[in-house]
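Subject: Structure handover

Dear colleague,

Here is the structure I said I would pass on.

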Amino acid sequence: MPSLRHSYTVTVPEEPAAFPVDKPELRRKSPSLSRSMLVSTFMGLIINQAKQNKSPQGLVGLRNLGNTCFMNSILQCLSNTVELRDYCLRNVHHADLNNNCRTGAALMDEFAKLTQSLWTSVNHEAVSPSDFRSQIQRYAPKFVGCNQQDAQEFLRFLLDGLHNEVNRVTARPKVSVEDFDHLSDEEKSKRMWHMYLEREDSKVVDLFVGQLKSSLTCTVCGFRSTVFDPFWDLSIPIPQKSSGEVTLRECLRLFAKEDVLDGEERPTCNRCKTRRKCTKRFSIQKFPQILVLHLKRFSDSNIRASKLTTYVNFPLKELDLREFTSDSSERAVYNLYAVSNHSGNALGGHYTAYCRNPGLGEWYSYNDSRVSPMSSSQVRSSDAYVLFYELAASPNSKYQSCRL
């Protein structure tokens with residue numbers, strides 16, 4: 001437990017008049033302070049104190065409300081996403097709330113309150129995410145009940161919900177159908193990214209969304225068409241090897257490997273004007289600030305569910321993705337800061353999280369209500385399911401975010 005001089009208890013008055021001012025004449029002249037202003041000020045103190053003194057904030061567990069370990073695991077990973085955490089702690093999201101959102105702002109508000117509870121607790125007692133759970137269930141009814149759910153699927157729903165409530169675009173323009181085939185790949189990428197931001201623009205997009213390049217080449221005439229799509233995470237296949245161990249780079253190479261589309265999968269060539277055998281390849285055009293890699297451990301078979309327990313060796317630091325960029329001269333280096341783990345099989349199991357505390361720089365295990373320190377050598381395991389990487393700062397890199 002931190003010493004009292006390193007801890008803060010945030011008490012926000014319901015009325016501005018309760019703000020302590022000694023002199024009556026000063027009280028009359030002082031401008032009224034809003035509740036959000038006060039919270040933002042105190043949260044700034046907490047963040048700065050943690051940075052300066054390495055105070056162990058954020059080491060608070062989440063109570064399991066009945067098979068909610070999948071939710072708790074993802075919430076802890078997002079809580080240790082520094083920019084998203086600070087966005088919530090300083091209540092910046094209030095300025096971005098979209099009044100046109102059909103769900104209002106309840107989900108973002110509850111997510112922010114929960115994040116604040118995790119980072120302002122003095123006694124480090126586990127927090128109940130019941131209010132947040134009620135809101136995510138309203139947004140995504142598939143999470144109603146006590147059935148075990150997929151953590152990566154939950155992450156997608158949650159980020160989508162948060163984004164919709166703080167989308168800076170209040171009136172989305174109509175989707176225009178334009179022919180970009182005459183443009184260079186670079187210009188086409190910029191145009192398509194601009195079109196995306198005209199409709200989807202939020203702090204969540206700033207952090208988590210990148211752009212993927214898909215190249216389709218006709219094997220008959222050689223015509224190549226390219227499409228640029230936004231991505232929130234990348235689902236990476238796991239190659240099968242007799243050794244039972246693979247590297248993350250091998251998984252990424254399998255993801256980016258050129259595929260042959262033939263038979264019923266043959267697309268229509270824009271030049272031949274008929275269905276042709278084609279090759280398809282993926283590469284990353286723009287890198288997000290936060291790169292989420294989903295290891296595809298669960299099969300999509302309708303016959304029987306199964307799970308791969310292959311050990312994937314992934315780097316904790318200096319993950320260089322230059323090999324997978326559309327422009328190989330770009331530097332894209334990431335550092336790991338969180339992992340959502342799944343132990344068990346396809347029929348049932350348990351989720352936990354390993355997170356590197358941004359203030360302390362040390363790793364901790366989050367197992368529902370229990371939080372305990374761990375060695376960085378324990379982070380890699382065959383249970384690793386969703387990896388959270390943050391783009392490393394580089395003065396020579398122009399891709400520090402997806403803004404153009």
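The notes below go from the whole chain to a sheet, the cores and some single residues.

This is a predicted model, in which local features need pLDDT of at least 70 and side-chain atom pairs count only at pLDDT 80 or more, while totals for chains, interfaces and linings use all residues. Residues are numbered from 1 along each chain as its sequence is written, and side-chain values use heavy atoms, with hydrogens and water left out.

Overall

The protein has 11 helices and 14 strands. Both are DSSP runs numbered from the N terminus: helices are H or I with at least four residues, strands are E with at least two. Of its 404 residues, 47% count as buried. Buried means under 20% relative accessible area, exposed means over 50%, and partly exposed is in between (1.4 Å probe, protein chains only). The accessible surface is about 20,200 Å², and carbon and sulfur atoms hold 48% of that; areas come from the Shrake-Rupley method with a 1.4 Å probe, and for residues only the protein chains shown count as cover. Among contacts with a separation of 6 or more, 69% are between residues 24 or more positions apart. A contact here is heavy atoms within 4.5 Å.

The sheet

An open sheet is formed by four strands in the order E2-E1-E6-E5, with antiparallel pairing. Two strands pair if DSSP finds at least two bridges between them. Strand E2 (224–231) and strand E5 (259–261) are the edges, each pairing on one side only. From one strand to the next the twist averages 30°. Helix H9 (residues 185–197) packs on this sheet and touches strand E1 (210–218), E2 and E6; its direction makes about 35° with that of E2. For such angles, axes are lines fitted to C-alpha atoms (for helices, over the stretch in contact), and the angle runs from 0 to 180 degrees between N-to-C directions.

E1 and E2 are antiparallel and share eight bridges, and Lys213 has Phe228 in E2 as its bridge partner. Five residues lie between the two strands of this hairpin, where Gly222 takes a positive phi near 85°.

The cores

Which residues touch the most other members of the largest nonpolar core? They are Leu78, Phe111, Phe132, Phe154, Leu158, Phe208 and Phe388, out of 50 residues in that core. A nonpolar core is a set of buried Ala, Val, Leu, Ile, Met, Phe, Trp, Tyr and Cys residues joined through side-chain atoms within 4.5 Å. Leaving aside neighbours within four places in sequence, the contacts of Phe208 include Leu78, Phe231, Trp232 and Pro288. A second, separate core has 34 residues, including Leu248, Leu321, Tyr354 and Val379. In soluble globular proteins, nonpolar side chains tend to be buried together.

Buried residues with polar groups

Tyr139 is in helix H7 (residues 130–139) and counts as buried because its relative accessibility is 14%. Its side chain makes a polar contact of 3.1 Å with that of Asn164. A polar contact is a pair of N or O atoms within 3.5 Å; within protein, one must be able to donate a hydrogen and the other to accept it, and residues adjacent in sequence count only if both atoms are side-chain atoms.

Gln149 sits in the loop between H7 and helix H8 (151–165), and with a relative accessible area of 12% it is buried. The side chain of Gln149 reaches the backbone oxygen of Lys142 at 3.0 Å. Not counting residues up to four places away in sequence, Gln149 touches Phe70, Lys142, Phe143 and Tyr351.

Glu110, in helix H6, is also buried, at 17% relative accessibility. With the residues up to four places away left out, Glu110 touches Asp131, Phe132 and Gln135.

His124 is not a glycine but has a positive phi of about 65°. His124 is in the loop between helix H6 (106–120) and H7, and is partly exposed, at 22% relative accessible area. Lys273, likewise not a glycine, has a positive phi of about 60°. Lys273 lies in the loop between E5 and E6 and counts as exposed, at 67% relative accessibility.

Regards
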